[in-house]
Amino acid sequence: MTGHSNPIGPRLLALGAIAALPLTLAACELGPKQSQQLGPRGPAMEQVTNLNLVKPPAAPPASAYALTSRDGQKAREVYPELQVLGDISVDEFGLLMANMTAWVVPADAPPEQAGCNYCHNPENMASYEKYTKSVALNMLKMTQNINVNWQSHVKQTGVTCYTCHRGKGIPEYSWSLKPEPVSRGMTGYRAGQNEPLAVVGYSSLPNDPNGTFFLEPNEIRVNSKQIHPNGENPADIKAAERTYGLMMRVSGALGVNCTFCHNTQNFAEWTHSRVQKQTAWFGIRMVRQANSDYIQPLASVFPAKGWDGQARLGPLGDPLKVNCQTCHQGYSKPLGGVSMLADNPSLREVWRAGAPAPAPTPVAVIAAGAVATPTGVAVAKVVATGAAAEAVVAKADAVRDAMAPATN
Ligand code: HEC
Ligand code: HEC
Ligand code: HEC
Ligand code: HEC
């Protein structure tokens with residue numbers, strides 16, 4: 001491996017370094033840059049933006065028409081079989097169906113899939129003979145869950161089907177599990193390393209952060225809090241590399257540098273981080289829940305391929321899932337922070353046929369009232385409430401709890 005007794009080795013290495021110089025420089029981005037200071041003076045928490053690469057986000061489509069009133073006959077009185085949307089007025093229901101069509105159905109779909117027919121048999125609107133309607137029902141529940149229970153992440157902006165779909169049946173950015181890589185001779189299992197892919201910024205880091213972190217509650221952790229090994233930190237080098245791979249993925253999805261969330265003097269320290277790190281922490285948990293509770297169970301509903309010949313299931317038979325990129329698409333706030341809920345307020349409510357849902361408990365809220373830290377960085381206190389919050393917090397292990405700034 002390393003040429004121990006070979007004197008040519010170092011010289012070759014030096015030559016190699018010189019030869020690689022143009023390549024190194026080629027990786028620098030040309031063009032005007034803008035740098036914005038995000039943290040306090042001193043730690044150089046700056047966001048550097050290449051103005052040639054950043055375009056303002058495209059404006060989302062307007063609502064089919066404006067929602068003027070929420071009063072009127074309830075949809076369930078006209079359509080008794082509704083499972084999710086029964087409690088809103090017939091008018092509001094019709095508007096949401098029209099908007100959902102614009103958000104999800106491709107404009108070039110053939111007549112039998114066009115418009116309402118993407119999900120419905122026009123002869124029998126109540127029927128679930130098209131798999132897309134079953135999927136859409138789960139998607140409605142998922143969207144409501146995000147907007148009601150994950151305001152710690154999506155705030156009052158919230159999301160609609162459009163945040164992910166953008167006028168396509170399958171969102172542009174989605175992922176599925178990868179088959180275990182075949183062992184290649186002496187190198188053995190490489191954990192997706194040295195196969196540079198865009199997801200990890202073409203680094204040689206493990207290149208499947210999706211399956212590792214966006215479905216399973218795996219530890220995202222590198223640092224020990226003490227100098228000497230004491231068994232407190234179970235993270236091995238492979239776990240550290242996976243964490244960095246994930247962080248490349250997260251930064252790329254939001255179009256930001258590491259300092260958008262971290263003070264790089266100490267990546268693990270919450271009180272030195274920006275509040276965006278907390279938003280991201282909730283985002284990771286939100287994505288896991290969307291994938292495991294709402295999308296994975298659709299494995300038996302999706303066909304392997306849809307009407308357009310595109311795969312609906314990955315090579316291991318799991319449906320295509322969500323990560324940060326699915327919504328963010330290169331912006332720190334999806335769609336530049338524009339909310340589409342004003343005309344579609346039912347996407348932030350929960351009603352289930354038969355048993356009206358109890359008043360929603362927020363999974364976790366960031367309390368108003370920022371806490372000043374010794375560094376002068378203001379961070380909001382994380383306060384988790386409700387049974388759901390306990391479940392979420394229980395999943396993060398004791399080490400994580402000790403790190404969160406809940407005791408401030
Ligand atoms: C992306 C899939 C999708 C599209 C496109 C769609 N719908 Fe729906 N539609 C649903 C789902 C899911 C339900 C069931 C909602 C529930 O149970 O709360 C539903 C229910 C309905 C119902 C009630 C049927 C009954 O008797 O139970 C009507 C009427 C309806 N849609 C009309 C339309 C119209 C009109 C359009 C086109 C403007 C349309 N839908 C487009 C998914 C869709
Ligand atoms: C957080 C992202 C996200 C949101 C929000 C979302 N979806 Fe989806 N949706 C997906 C992903 C990912 C798939 C692809 C699953 C697959 O093909 O295996 C999908 C697939 C679908 C499909 C199947 C389309 C096809 O051609 O097979 C329908 C229908 C659908 N979604 C409807 C909706 C509706 C209606 C809403 C809003 C109420 C919505 N979705 C909100 C992520 C999302
Ligand atoms: C959008 C916010 C965000 C960005 C950008 C970001 N991180 Fe992170 N990072 C987090 C969050 C949140 C965690 C903690 C995750 C958890 O505990 O589940 C974390 C954890 C880490 C850790 C583990 C610290 C520990 O506890 O041991 C390291 C190391 C790290 N990030 C490095 C980076 C690097 C390097 C970059 C840039 C390539 C980066 N991060 C970009 C949000 C971010
Ligand atoms: C279902 C869509 C969705 C997904 C998936 C998603 N986000 Fe977000 N995120 C949002 C919305 C909407 C906002 C804007 C909230 C607001 O207006 O403040 C946001 C805001 C943020 C912010 C705050 C940005 C700022 O400028 O203050 C961070 C950081 C963030 N998300 C990180 C992540 C990370 C990391 C992931 C993946 C683990 C992720 N998000 C996945 C919808 C999503």
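**Helix packing and ligand shells in the predicted model**

The crossing of helices H4 and H9 is right-handed, a crossing being right-handed if the near helix is turned clockwise from the far one by less than a right angle, and left-handed if anticlockwise. The structure is a predicted model, in which local features need pLDDT of at least 70 and side-chain atom pairs count only at pLDDT 80 or more, whereas totals for chains, interfaces and linings use all residues. Residues are numbered from 1 along each chain as its sequence is written, while chains are lettered from A and ligands numbered from 1 in the order in which they are written.

H4 (residues 131-149) packs against H9 at an angle of about 155°, the axes lying 11 Å apart; helices here are DSSP runs of H or I with at least four residues, numbered from the N terminus, and axes are lines fitted to C-alpha atoms over the stretch in contact, with angles from 0 to 180 degrees between N-to-C directions. H4 is therefore roughly antiparallel to H9, a term applied to angles over 145 degrees. On H4 the contact is formed by Asn138, Lys141, Met142 and Ile146, and on H9 by Met286, Ala290 and Tyr294, contact requiring C-beta atoms, placed from the backbone, within 7 Å. This contact comprises 5 nonpolar, 1 polar and 1 charged residues, where Ala, Val, Leu, Ile, Met, Phe, Trp, Tyr, Cys and Pro count as nonpolar, Asp, Glu, Lys and Arg as charged, and the others, Gly among them, as polar.

Around ligand 4 there are 25 residues, of which Thr157, Ala280, Gly283, Cys324 and Cys327 come nearest; a residue is near a molecule if its C-beta atom, placed from the backbone, lies within 6 Å of it. Two or more residues of this shell are given by each of H5 (151-154), H8 (237-254), H9 (275-295) and H10 (324-328), with H9 giving the most, 6 residues. The shell around ligand 4 contains 12 nonpolar, 11 polar and 2 charged residues, and at least three residues come from each of domain 1 (71-171 + 330-357) and domain 2 (173-180 + 189-328), the bounds being those of an automatic or database domain assignment.

Ligand 3 is surrounded by 24 residues, the closest being Met247, Cys258, Cys261, Ala268 and Ala280. H8 and H9 are the elements that give two or more residues to this shell, and H8 gives the most, with 7 residues. The shell around ligand 3 has 16 nonpolar, 5 polar and 3 charged residues.

Terms used:
Angles under 35 degrees count as roughly parallel, over 145 as roughly antiparallel, 65 to 115 as roughly perpendicular and the rest as oblique. Two residues are in contact if their C-beta atoms, placed from the backbone, lie within 7 Å.
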